[in-house]
Amino acid sequence: MASEESTLHLEELRRLRSMAQHPRIINLLSSEISSLEQDQSPPPQEATPAAEEANQKYYENRLNYIGTLDNPYPHESSVSRTISEYVKEYEGLLKDQRGVHLEDITESLAGMVMKQRSSGPGCFFYDLCGNGARVQIYASASNSELDESEFLRVHSNVKRGDIVNVTGFPGKTKSGQISIFARSFVVLAPCLHMMPVVNPMKTEGTDWSPGRPRNPETYSLKDQETRYRKRHLDLRINPDVEHIVIHTRSEITFYIRRFLHNRQFREVETPILNTVAGGATARPFITKHNELNMQLYMRIAPELYLKQLVVGGIERVFEISKQFRNEGIDLTHNPEFTTCEFYQAYADYTRMMELTEEMLSGMVKELTGGYKIMYHSNGLDQDPIEIDFTPPFRRIDMIEELNNLANLNINPEDLFSEEANNELKIACSMYGIQCPPPETTTRLLDKLVGHFLEEQCVNPTFIINHPEIMSPLAKWHRSRPGLTERFELFVNKHELCNGYTELNNPIVQRQRFANQLKDRQSGDDEAMPLDEGFCRALEYGLPPTGGVGIGIDRLCMLLTDSLNIKEVIPFPTMKPQDQPSARPS
């Protein structure tokens, strides 16, 4: 169905054609009317043969039009201000004034046309948008440097989505609308495709801010496949997306960098291509270096390199970087994702918990104005829940709480035995907890913790003191045999952070890697392999060190009320269209 704006514009052009006398003007108007009649009913978001045909026809008409132009894509465009700067300057200068023109001032602006309409012969209005701001263009033949026929030719072929440059003078219309009155109007990059219908309530920016609920159902472009595959279109049509994918994500990483820099941490970069896929329990992507005829792995975590820098004397170090894991895709997992890992010499897991708590609570306070956020945890059709980041965060002892809730008697010192593995299998079966093969002790424990403990963790909660069998890189607990000094922070029942007192004994580290090798031989291809280079580095002496890893994407999800990780990644991994899923048989 056509928008009211398009219908009024079309009716006005028909009226102008009925009044025109010059054959060239009549032909120009007729061509524009014909094009608008095709454009008036934008295609539905689901592709249909009729929609595809209309899109193709529109595309061909636009190609034919730009083929008549000498230079449809100019090399440069100068601007005197951004749109937001322009609006701020002249709304204040022309406050409480109407119908005033500052003709002795010249300004140049550039942006995207999102609305167009006409008012009488030789007068066109456009909404020029850019970087979250909007201003009206008032283009009239009387102000233009062009003659009447050329003016009409140019403006009759402007389409929604065109990138344009306008030079003119500032002022306000009689209705009080801040505008730029065009003397020069140049299309810099024509939009060759039909733009979706824009929700009129969603064109003037957004009042959304981090920590507040939002509803993608109100978006002009709703179809998720289209939004994620064509993020350029999503950003143009849905103003909230720019605030989520670009602004809020940027503010989060900026805060983390500032927080760590202020505490004398130094940012570094470590290799993406590794000879050993270490630092985490995950399945890697595999590639090959042709010249060296050597198999390489895409980084699954930067941990081992960062700790080697601490060995080298860099006592406080961090990295914000991409990790790559060859695993499933779901609402909270993407094969390519962003983390921040930071390490501090002469600290332990207690200090790192305090630092994590301080960072996250401070971030939420700065970005939202308070410690509480709203999140549609149960779906957009349910009321959002409140998540409270007020420090201190709750702490749960993993084995103690699991024994209490599941009526178990787990002894951490016995977890490497077959008997313990069998008991955990029985416990999972008794509570109806599924653990796909291989049923290693580590995987069984993880499933039990997910069922009994993670479900409690709506507000930020540290689960602490994991068994050694689950934590090959964490140092043993100083007073509780069989456990490690490790923590995981859960928010809204999902892991957000992982940290521990780092294992710095090279002899014990080799033994831990050997235990992981047993799990790999049992079929667990996510178990950690031996990294001999890392073990040799430890032999030079790693000081007592605490380390933390934070999932940036999940943090963005929480602060933007996003239920799907694809909402917060500019270009998420997507299966090629029309390609069936490749699942193992």
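**Salt bridges and a buried methionine**

Tutor: Glu386 is partly exposed, with a relative accessible area of 44%. Keep in mind that this is a predicted model. The partner of Glu386 is Lys372, and their side chains meet in a salt bridge at 3.9 Å, N to O. Lys372 sits in strand E12 (residues 372-375) and Glu386 in strand E13 (residues 385-388), so this pair ties together parts that are 14 residues apart in sequence. Lys372 is partly exposed too, with a relative accessible area of 47%.

Why can such side chains pair? Side chains of opposite charge can do so when their charged atoms come close.

Turn to Arg510. This residue forms a salt bridge with Glu532, and the closest N and O atoms are 2.5 Å apart. Arg510 belongs to helix H14 (residues 506-521) and Glu532 to helix H15 (residues 532-538), so the bridge ties together parts that are 22 residues apart in sequence. Arg510 has 27% relative accessibility and counts as partly exposed. Glu532 has 28% and also counts as partly exposed.

Now go to Arg249. Its salt bridge is with Asp553, with 2.7 Å between the closest N and O atoms. Arg249 lies in helix H8 (residues 239-261) and Asp553 in helix H16 (residues 552-559), so the pair ties together parts that are 304 residues apart in sequence. Are these two residues buried or exposed? Buried means under 20% relative accessible area. Arg249 is at 11%, so Arg249 counts as buried. Asp553 is at 3%, so Asp553 is buried as well.

Some charged residues join in a group. Arg214, Arg227, Arg231, Asp234 and Glu567 are linked in a network of salt bridges. How many salt bridges are there by this rule? The count comes to 28.

Last, the methionine. Met363 is placed in helix H10 (residues 349-368). Its relative accessibility is 0%, so Met363 counts as buried. Which residues does Met363 touch, leaving aside its neighbours within four places in sequence? Met363 is in contact with Ile252, Tyr255, Ile256, Leu555 and Leu559. Take Leu559 from that list. Met363 and Leu559 are 196 residues apart in sequence, yet their C-alpha atoms are 9.9 Å apart in space.

Look back at helices H8 and H16, which hold Arg249 and Asp553. Helix H8 covers residues 239-261, and helix H16 covers residues 552-559. The contacts of Met363 include Ile252 and Leu555.

Conventions. Residues are numbered from 1 along each chain as its sequence is written. This is a predicted model: local features need pLDDT of at least 70, side-chain atom pairs count only at pLDDT 80 or more; totals for chains, interfaces and linings use all residues. Side-chain values use heavy atoms; hydrogens and water are left out. Helices (H or I, at least four residues) and strands (E, at least two) are DSSP runs, numbered from the N terminus. Buried means under 20% relative accessible area, exposed over 50%, partly exposed in between (1.4 Å probe, protein chains only). Contact means heavy atoms within 4.5 Å. A salt bridge is a side-chain nitrogen of Lys or Arg within 4 Å of a carboxyl oxygen of Asp or Glu.
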